[in-house]
Amino acid sequence: MDVGGDYSAAQVNFTDEYKNSELYRRNKELIKELSSPTPHWSYWRNPAYTAVRLFFTTFTALKFGTIFWDFGSKRKRQQDLFNAMGSMFAAVIFIGIQNASSVQAVVAIERAVFYRERAAGMYSAFPYAFGQVMIELPHIFIQTIIYGVIVYAMIGFEWTVTKFFWYIFFMYFTFLYFTFYGMMAIAITPNQHISSIVSSAFYGIWNLFSGFIIPHTRIPVWWKWYFWVCPVSWTLYGLVVTQFVDIKERLETGETVEEFIRSYFGYRNDFVGVVAVLVVGMSVLFGFIFAYSIRALNFQRK
């Protein structure tokens with residue numbers, strides 16, 4: 001038997017064989033699929049968070065629209081203005097706190113995943129936080145449109161392009177900064193239980209110094225600084241000014257709507273641009289603190 005004979009005819013080119021195989025084609029398809037990531041699909045596949053929030057918003061809008069039916073068109077008495085402002089205040093607090101509370105559970109779960117992936121060298125802090133912030137923008141925009149159209153029509157605010165735009169603008173960034181505040185509360189605390197306690201304390205303070213329960217003009221001078229740093233106060237400032245401060249109709253007291261709002265609440269129409277910038281700034285501030293805290297703080301237990 002010639003063991004050392006010519007064996008070249010029996011040689012196989014395994015490279016060509018592999019390239020022509022079904023295994024090679026399946027692997028190429030898998031690599032192509034994994035090379036095109038779809039970040040934060042968990043949001044769209046999480047109806048307990050997204051769908052329930054939209055359902056809750058629609059239900060709340062119909063409820064508030066029914067309770068405050070046509071209050072926006074009534075401007076004969078001071079109480080009529082208080083009622084209209086109360087509808088704005090109730091929506092801001094009710095839906096805002098709901099947004100901040102519901103997002104905490106989602107962020108808490110995804111933060112645990114982030115810790116694991118960062119340890120494996122797969123995630124970086126700022127891109128992860130940026131993606132977490134950006135994915136909320138379209139969700140909250142849809143939420144604002146649903147709420148804004150229903151409530152604006154049912155309460156009976158004046159239908160002008162400018163006033164409707166300002167209403168949507170302030171409600172959008174208000175829902176946004178509440179959501180980012182909830183995310184920030186998770187990022188700076190070890191777990192969801194502590195973040196709920198911390199954030200709840202600030203909800204009460206924001207409620208008190210919003211300028212609705214106690215107007216800015218009647219807050220003691222040593223507490224006025226908290227009115228200026230309270231996000232909700234700027235939301236109410238913007239909503240009330242853009243809806244009512246240009247109205248020249250006279251109340252039963254003899255003063256115009258504009259004069260009453262300026263004297264009782266201290267709101268001025270020429271300040272609305274600054275108010276808009278501050279409301280946007282609150283959203284940016286809370287989003288930045290969330291991103292920085294995700295990068296700088298690590299509550300993972302070894």
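Buried means under 20% relative accessible area, exposed over 50%, and partly exposed in between, with a 1.4 Å probe and protein chains only. This is a predicted model, in which local features need pLDDT of at least 70, side-chain atom pairs count only at pLDDT 80 or more, and totals for chains, interfaces and linings use all residues. Residues are numbered from 1 along each chain as its sequence is written, and side-chain values use heavy atoms, leaving out hydrogens and water.

Q: Where is Met 134 found?
A: Met 134 is in helix α6, residues 125-134; a helix here is a DSSP run of H or I with at least four residues, numbered from the N terminus.

Q: Why is Thr 235 called buried?
A: Thr 235, in helix α11, has a relative accessible area of 0%. Buried means under 20%, so Thr 235 is buried.

Q: What makes the pair Thr 235 and Tyr 177 a polar contact?
A: Their side chains are 2.8 Å apart at this contact. A polar contact is a pair of N or O atoms within 3.5 Å; within protein, one must be able to donate a hydrogen and the other to accept it, and residues adjacent in sequence count only if both atoms are side-chain atoms.

Terms used:
Helices (H or I, at least four residues) and strands (E, at least two) are DSSP runs, numbered from the N terminus.
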